[in-house]
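Please open the model in your viewer and keep the selection panel at hand.

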Amino acid sequence: MEKEIKVMKHEVFICEDYDVKDGILVMLNATLIGKVDSIPAFNRLTALTNYNAIVCPDLFTDVEGKKIDGFIFNS
C-alpha cells in the first residue's frame with residue numbers, strides 16, 4: 001500500500017512591519033516561516049508564532065473559485 005504524500009502548497013510569511021499606501025498593502029521585511037496545506041494548519045502555525053502581520057497567499061477560495069490571500073494583523 002502506497003503512503004499518501006501531502007503537498008504543502010501555501011507559503012506563510014511573517015512581516016516585521018507593514019504599511020498601506022494609496023490603498024495598497026505593503027509588507028516589509030517578510031520572512032517565509034513555513035508552508036501549510038489547509039486553513040486548520042494555517043491556524044495552528046499562527047498560534048505558535050509571534051508576528052506583527054502574517055500573510056498566506058491563495059489560502060482561501062471564494063464561491064466563484066477565485067483565490068484569496070489570508071492576512072492577520074496583530075494590533
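## A guided tour by selection

Begin with F73, which is partly exposed at a relative accessible area of 36%, where buried means under 20% relative accessible area, exposed over 50% and partly exposed in between, with a 1.4 Å probe and protein chains only. The rings of F71 and F73 have their centres 6.1 Å apart and their planes at 5°, so this pair is stacked; rings of Phe, Tyr and Trp (its six-membered ring) pair if their centres lie within 6.5 Å, and planes under 30 degrees apart count as stacked, over 60 as edge-to-face and the rest as tilted. F71 counts as partly exposed, at 38% relative accessibility.

Before going further, note that this is a predicted model, in which local features need pLDDT of at least 70 and side-chain atom pairs count only at pLDDT 80 or more, while totals for chains, interfaces and linings use all residues. Residues are numbered from 1 along each chain as its sequence is written, and side-chain values use heavy atoms, with hydrogens and water left out.

**The whole chain.** Colour by secondary structure, and the chain shows 1 helix and 4 strands, arranged from the N terminus as β-β-α-β-β; helices (H or I, at least four residues) and strands (E, at least two) are DSSP runs, numbered from the N terminus. Of the 75 residues, 21% count as buried. Among contacts (heavy atoms within 4.5 Å) with a separation of 6 or more, 41% join residues 24 or more positions apart. The chain exposes about 5700 Å², of which carbon and sulfur atoms supply 53%, the areas coming from the Shrake-Rupley method with a 1.4 Å probe and, for residues, with only the protein chains shown counting as cover.

**The aromatic group.** Which residues form one aromatic cluster? Select Y18, F71 and F73, which make up that cluster. A search of the whole structure finds 2 aromatic pairs. Y18 and F73 form a tilted pair, with 4.6 Å from centre to centre and 55° between the planes. Y18 lies in strand β1 (residues 10-21) and F73 in strand β4, so the pair ties together parts that are 55 residues apart in sequence. Y18 itself counts as partly exposed, at 29% relative accessibility.

Is I54 buried or exposed? At 0% relative accessibility, I54, which lies in strand β3, counts as buried. Not counting residues up to four places away in sequence, I54 touches V12, F13, I14, I33, F42, T46, G70, F71 and I72.

Move to T49, in the loop between α1 (39-47) and β3 (53-61). T49 is buried, with a relative accessible area of 17%, and a polar atom of the T49 side chain lies 2.7 Å from the backbone oxygen of L45. Leaving out residues up to four places away in sequence, T49 touches I14 and I33.

**Charged pairs.** A search of the whole structure finds 2 salt bridges, a salt bridge being a side-chain nitrogen of Lys or Arg within 4 Å of a carboxyl oxygen of Asp or Glu. Select E11 and K35, whose side chains meet in one of them at 4.0 Å, N to O. This pair links distant parts of the chain, with E11 in strand β1 and K35 in strand β2, 24 residues apart. E11 is partly exposed at 32%, and K35 is partly exposed at 43%. Then select E64 and K66, which form a salt bridge with the closest N and O atoms 3.3 Å apart; E64 counts as exposed, at 61% relative accessibility.

**Backbone angles.** Most residues other than glycine have a negative phi. Select N29, in strand β2 (residues 24-36), where phi is positive, near 55°; N29 counts as exposed at 57% relative accessibility. Finish at D58, in strand β3, which has a positive phi of about 60° although it is not a glycine, and which is partly exposed, with a relative accessible area of 36%.

Definitions and conventions: Polar contact = N/O pair within 3.5 Å; in protein donor to acceptor, adjacent residues only side chain to side chain.
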